[in-house]
Amino acid sequence: MTNWKKFSTIAATTLLAFLFAVSAYAADVTLNLVAEQVNVTMADGAVVPMWGLRDAASTPGTATVPGPTISAVAGDNLIINLTNNLSEPTSLVINGQKASESGAMVPTWTNNSTGNRTNLNQRVRSFTHEASTGGGIATYRWDGLKPGTYLLESGSHQAVQIPMGLYAAVKVDVAPGAQAYPEIAYNNDVVLLFSEVDPVLNAAVASGEYGSSPGSGLYTTSMGMGYLPRYFLINGQSFRRFSEGGTVPLPAGFVNGTTLVRFLNAGSRTRNPVLQGPYMTLVAEDGNPLPYPLQQYSVYLPAAKTMDVVFQPTAEGRLPLYDRSLGLTNGTTSPGGMLTYLDVGASGGQVIAPNGGEMLVSGDTFTVQWNGGLGAVRYNLWYSLDNGTTWNWVAAVGAVTSYDWTVPAANSTTSLFRVVGFDAGDVKVSIDKSNAPFTIAPRTSALLVTPNGGEELTSGDVYTVQWKSPTNATIGYQNLWYSLDNGATWNWIHSVGPNKRSFDWTVPAVAASAPTSLLRVDVFNPGGTQISSDVSDGNFTILPRANVLLTAPNGGETLTSGNNFSVQWKAPTTNPVGYYGLWYSLDNGTAWNWIGTVGGLQTSYNWTVPAVGGVTPTSLFRVRTYSSGGAILSTDISDGSFTIQP
Amino acid sequence: MNAFARYIRGRVTVLAALLLLVSASGAWAQIDGLTGTFFNFTAKSGHIITPDAASMMIWGYADDSTGQVQIPGPTLIVNQGDTITITLNNTLPEPVSIVFPGQQVTASGGAPGLLTQQVPGNDNGANPVTYTFTVNEPGTYTYFSGSHSDLQVEMGLYGALIVRPAVQDLAACSQYTQSAYGDCRSAYDYEFLILQSEMDMDIHQQVELSMIAHPTLPPAIDTAAYHPTIWFLNGRPGPDVLAEAGAAWLPAQPYNCLPRGNPGKRVLARMIGAGRDSHPFHTHGNNFDLIARDGRLLESAPGASKAATEVGVVPDLAVSDYTQTTSPGATFDTIYTWTGQDLGFDIYGTADAHTCSDPACPDANNDGFNDGDPTIACWDADTYEYCPDHGKPLPVVLPDIKDLAFGMFYSGSAFLGGTGVLPPGEGGFNLNNGYFHIWHSHNERELTNNDIFPGGMMTFFIVEPPGIEIQ
Amino acid sequence: MIRLIKPFRILPLLVLLILSGAYSAEAKVYFQCPTLPGGSLNADSNGDGMLRADDGEINLPVSEHEVCMHLSSGDGFVNMADKVLDPDGDGNGHLQYTFGFSNLTGVPDSLAMETGMVAANFPAPTIRVREGDEFYLTLTNVGMMLRPDLFDPHTVHFHGFPNASAIFDGVPDDSIAINMGSSFTYYYKIMDAGTYMYHCHVEAAEHMQMGMLGNLYVDPAQDGTDYEYPVGSGRHFTQFAYDDGDGSTGYNHLYPLQISSFDPNFHDMHISVQPLPFAFMTDQYPMINGRGYPDTMNPAELANSFDGKTSQKVNSIITAAQGERILLRVSSLVTTNFNTLTVQGIPMLVVGNGARKLGPLNDTSQYYLTNSISLGGGEAMDIILDTNGPDGIAGNADDIAPGTYFLYATNADHLANNNEDYGGMMTEIQISAAP
């Protein structure tokens, strides 16, 4: 089961701001991104561990490579809260946008110090502050965004973290969806983010082998071993033949419109994209408008470069776009790699996909695409199972040109999709449907989506199990099991109803790392007969929890004296806990007030908030674990102070 | 004897022949290729003999009028406004096509490919594809196979397309009769093609073994691991680039690459990135001015021009540089001129009694500067000598010949057109006593042929003394 | 172009040649720094590594702007930056055998050979000359002591010199090269400001991979003229990248940054007298000014672990105060591949390349802002980093805040010293608060 999601987009609705500097009208664009490992299935079927970014708001979901495209308006303030679930500290930088926290980026060194260099042997690990491993959170801020196209990348250990996949596109418009720069207007834009994957490097990093000493025969560095990319991606995907259910053409505007193509290169090698057909007008480099536009059919795109070009399609049709540096293979096979197609419609609002002939499966996510333009600011989406006789409602969306559609349960060879566009005055400006019918086939077997191999889960955390169930039979109930021993023995989790497709699973306690864990879903009919079953494609790992983790109060809460508050923590699993000791502080931890002890099996406590003289914003809570013999095992304190009010 | 001389002794007779031709032949400063509007190509395999005496299989486009496969493919020299028709046949074991970036091409016949219509493998004339397009703009372009390009470009299926301007508006620069884009900004005395590519000899060996074992099956080759070991200009590695065009002993490599010019002449070098790597191409002797990229002049507005230090009138956005990154699939038109200005000594030496004068530049006191305006230097009308340096001796004393190593292209003299005493067996390959200036990839690893230095992506620009015929 | 040189009369030079009697058919080591009759050479009083008439270091020079320098070409050793990994097990980074140049200016000819032997610097001594100089550069080939089986000649190629003659271009195939034990003097009339570079051109793939590479740049005649830039900003400059006519290339601090890289296999096979791997030349030590990170940040002249001679003398520490402008004269003499350099957090203004200002005199319209530049071997670019930001005006949003910034290769694999992580092609830019 593949984890690569279609390139998703975070649209930021903001006030129009023409100022590049901080504007009185500037809006805050706040994102919560999670960096985590994800197994990506390449076009040739190889599964490569990568590090991706996930928008926490789009849960349940998985991290993607590249991360979600970020859209904002010039003058906005971009704030990203980054949660780090990776095996090393990480961070985010956007070269070309001014980092605003404390005025400048403060580097972090391999000796864990921060600030300016203090000795000759220091080496930089991160160009800025970091989010620590094990769920650490860091906030990055860029005020007064400058218009243009930029790369969001890891600012930490780039030799590893960029090839691993920590990058995403950032597009900042002067007027959203219409004006890229004060001088450059467009009808449609296309983001083309080029990147590479050297599977040997990624495997070495994921296995912890990376950084071994020379002579050990193990992986040292990509410089020492030789960097050899074998997968060549555009927007996280390499070319696959249509006949292999592969590459979906990208909507690229319409005849006589203006199409903006945003080229980005997150790989380590120069690419030379060629757009076959029209000349492109190069208008901006790294977000800086060029002094004079240049006419070229090819673009020189070195590592970390962004280049914006525009062209006016003169005819309806499909334009090939490919890397003339010939990154056109998948693994050892050809064709593949950095080849895609730009579809030019006769006019705006045209359905690009599904456009006839596709084979969709109920329950799957299919990315519907259409041409924007013609002034449409919102679209209504419909589908038909009977060749357009009756239309079923899908969704209403804003000024976007794609939608991740969950294919309904059906069995139809006469399905169509319809997109209706409306302008700001709610006037219908476009209506189009699939040129020809496509097929929706029922799902005939269960399919476990997550966890599907490669994930690292931690005891006591809540993890969202996701699966797809058959749509060709009536479901009675569904049972979930997990195994720590590669399927030799299965442990009961829960039984859920027929309509559930996900379950929030509290990861069981393990005393030691369980790298051969699996999850299984069994689907039964109302009569209790098993219809289908699926198991994770690969092993995932359940990690023990070494130390107690206080989750509430954890900073920012406001509690009232006399009320009850449910203190929550996660139990360590590496050693049996005899009992917990609980304290609170009113003065940021200078003095701790004893509350009492609770049994080693408890993970919560109903606390009566104590009386205070006045509003006390410097309150903290402390939980400590003891062995049955009374030895202190671990301690945790609220990450930030909370407030107690009288 | 230096390494270069040592190395190419094997080809000296050829080279000698070449150098004799240099002084006589008129066929040395033009771009060889096919003219017309209808062309018939067949993609086929063949072999070349590399300078290290290895036989290497190549795939190339053959002009059906000769049937001779070649790298690069035939250079198509056509006229702006013409409608070009190219019919492609294929004897290779896998589908082949041609794409022409920057052109609006109509393709018919054959079978659909990923980038255009393609001729099936082992087709042998059954399903030719016809590519038709009208060349609306003059300039330098390239073509290559749009089928399995990662292997077929490696194997040699690429070429150059040159579009001559329909109108030559050279009234303002009447000393010129030719230009690349139709006006004085791209006018030139001589033009040369510098098409750059590289090959991984292992891949070619794998392809040959596959075609021996399975003549009709597409070779399955891992091209991502490619590691080029030989480099080419116009399909030849150094030193073969110096041999004459059409040399009988290089049947599949008909084009040479030997730019030449007299002092003060404008030389147009049309550079093309035909392989998959970029190459930093360094012009010794002087900066060039990049005037066009991908067949489009570097101008802020139609007709906008400036006077460039080195070469005179060029488009206003032209870029002066001494190294041009030639990137894959792109084309770069450069203009280069060598004058010897401000060397600080008389480039023709002080031995002979040559004069330096320009009737249009009165210089009674012979200080080399216009008597009316001492900031205007005078240039000799005939020799293009820079008069302020006239009569100045070489400012340094040269070592005794016993302390020196001599290059085979050294005339024996520090002066243009001069001669001098050389030890036996040294020099001797500079028939006109010109200045040889090496032009080469400055990623010096690329100056080798299969592990042997020198060779690869290198040639010489010859500054020929005044009076030596270039064409 | 601006022309400052008054045509120089040839008579005195003829007199010199006749009267000084310097020329000897048996000339071996011979540092040519011609003077008029009765002239003499003083010591390099200001330690700039060359003798300048302008600095009173040449009595009765043959030219008012005569400059003389004496380089040796030979072999030597340097250490790579992977000293934490300590691949040689001796507490140092990997020791590399090199070919290279060292500065013999001021060394008597009689001592030149022994002084120059096994003294190669990497990079070569930086050559900084001025528009209008008449530059006499003597190269003495001291031979390669550690490779007695070799008798290679050497040359200096002044890379990018306009309208070069073959005789002084240093290309052995079309000119002459100096043998061991002898000297060759190159003459260059310096006409054009800009960023050049120099290297030996003999068996270039070998001698350049072995390290015969150095910074070479030319200051413009405009230096010393006061320009306010931007006009109205109150910022005045007297040093410039080019004769720009408007002060737009003005700077407070200039740093030459030459990138290069070594293939340890090539160097190790060389010192062990093995056949040299050209086809599989693969650089694994990416460097700036002859050092990998963090040695780029070491202010000291580094001594090698072979004989303790200081052989890596050029650091890449870049500093400026708020309000100031930095000029980076960036060049590449990498022999194998392209590199892309970025500055994280400071916009790069490209004002020149190939030793030419972009656009005409008194015109900034062809300068461009970027976040990265890509260089193949033999390419150079001139970059301005303005701590006031692209607008050049202090006190607004695009000002660069005090702190540490990083200049490095965006080719992620180039951020290592071979097998040692956190190294490679990187250095730091330290911006301090306005004084």
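1. A salt bridge, as used in this note, is a side-chain nitrogen of Lys or Arg within 4 Å of a carboxyl oxygen of Asp or Glu. By this rule R141(A) and D28(A) form one, with their closest N and O atoms 3.9 Å apart. The two residues come from distant parts of the chain, 113 residues apart: R141(A) lies in strand 9 (residues 136-142) of chain A and D28(A) in strand 2 (residues 28-41) of chain A. Helices (H or I, at least four residues) and strands (E, at least two) are DSSP runs, numbered from the N terminus.

2. A word on conventions before going on. This is a predicted model, in which local features need pLDDT of at least 70 and side-chain atom pairs count only at pLDDT 80 or more, while totals for chains, interfaces and linings use all residues. Residues are numbered from 1 along each chain as its sequence is written, chains are lettered from A and ligands numbered from 1 in the order in which they are written, and side-chain values use heavy atoms, with hydrogens and water left out.

3. The cut-offs here are under 20% relative accessible area for buried and over 50% for exposed, with partly exposed in between (1.4 Å probe, protein chains only).

4. Over all chains the count comes to 44 salt bridges. In chain C, please look at D382(C) and R329(C), whose side chains meet at 3.0 Å, N to O. This pair also links distant parts of its chain, with D382(C) in strand 26 (residues 380-386) and R329(C) in strand 20 (residues 325-332) of chain C, 53 residues apart. D382(C) is buried, at 0% relative accessibility, and R329(C) is buried as well, at 1%.

5. Another chain C pair is D54(C) with R130(C), whose closest N and O atoms are 3.8 Å apart. D54(C) sits in the loop between strand 2 (51-52) and strand 3 (58-61) of chain C, and R130(C) in strand 6 (residues 124-130), 76 residues apart. D54(C) is partly exposed, with a relative accessible area of 35%; R130(C) is partly exposed, also with 35%. Both belong to a salt-bridge network that links D48(C), R52(C), D54(C), R130(C) and D133(C).

6. Now to the interface of chains C and B. Here 77 residues of chain C are in contact (heavy atoms within 4.5 Å) with 75 residues of chain B. About 6200 Å² is buried between them, 57% of it from carbon and sulfur atoms; buried area is the accessible area (1.4 Å probe) that two parts lose on being put together, summed over both.

7. How many salt bridges are counted between chain C and chain B? There are four, among them D403(B) with K28(C), whose closest N and O atoms are 3.1 Å apart. On the chain C side, helix 1 (11-20), strand 8 (157-159), strand 9 (176-178), strand 10 (183-189), strand 11 (194-199) and helix 3 (204-209) each supply at least two residues that touch chain B. Strand 10 of chain C gives the largest share, five residues.

8. Finally, a strand pairing crosses this interface. Strand 27 (residues 404-406) of chain B and strand 9 of chain C pair in the antiparallel sense over three bridges, where pairing requires that DSSP finds at least two bridges between the strands. F406(B) stands opposite I176(C), in strand 9 of chain C.
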